[in-house]
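Hello,

Here is the structure I promised to pass on. Please open it first, then read my notes below.

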Amino acid sequence: MDKEFKFSQVGRRMPYNVPDGAFDSITRNVLDATIGKSKATARRGRRRRILYGSFVAAAMAAAASVAVMLVCSHPFAKPSSEWNDVDQAFEQLSPGDQAYLIEAYQEDVFLDEQN
């Protein structure tokens with residue numbers, strides 16, 4: 001094992017042989033196969049994109065119509081003109097709390113509009 005490995009002794013001979021014109025025929029075969037398939041694949045891909053786009057548009061239209069139906073069918077909250085619940089809750093408060101609420105909301109613009 002005292003010998004050193006020398007590349008000059010290996011030589012430059014190729015370990016395999018390729019027939020003449022092999023690369024030309026490979027190139028021609030690959031081009032024929034890909035060009036012939038690319039047109040059919042492009043048509044199929046175009047059809048898929050159109051179908052996918054149509055499906056997405058239909059799904060978005062369905063989602064929008066469901067959203068509109070939900071919004072329109074939901075009854076909007078209307079302010080109650082009856083103050084019975086508020087009066088009952090106010091009566092259950094202590095006199096100190098009642099005085100505080102009267103003082104705090106005495107000059108409330110919105111409460112003055114409803115009376």
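**What I found**

Tyr16 is exposed, because its relative accessible area is 52%. (Exposed means over 50% relative accessible area, buried under 20%, and partly exposed in between, with a 1.4 Å probe and protein chains only.) Tyr16 sits in the segment before H1.

Before going on, note that this is a predicted model: local features need pLDDT of at least 70, side-chain atom pairs count only at pLDDT 80 or more, and totals for chains, interfaces and linings use all residues. Residues are numbered from 1 along each chain as its sequence is written, and side-chain values use heavy atoms, leaving out hydrogens and water.

Tyr16 also belongs to a nonpolar surface patch of about 630 Å². (Patches take residues with over 30% relative accessible area and no salt bridge; like charges are joined within 9 Å, nonpolar side chains within 5 Å. A salt bridge is a side-chain nitrogen of Lys or Arg within 4 Å of a carboxyl oxygen of Asp or Glu.)

There is a positive patch too. Arg44, Arg46, Arg47, Arg48 and Arg49 form this patch. (Lys and Arg count as positive; the place of an Arg charge is taken as CZ.) Arg44 lies in helix H1, residues 22-73. Arg44 counts as partly exposed because its relative accessibility is 44%.

Now the whole chain. The protein chain has four helices and zero strands. (Helices are DSSP runs of H or I with at least four residues; strands are runs of E with at least two.) Of its 115 residues, 1% are buried.

Last, confidence. Mean pLDDT, the predictor's confidence in each residue from 0 to 100, is 77 for the protein chain. Confidence is lowest in helix H4 (residues 109-114), with a mean of 65, and highest in helix H3 (residues 95-104), at 88.

Best wishes

Methods: Areas by Shrake-Rupley, 256 points an atom, 1.4 Å probe, with all protein chains shown as cover.
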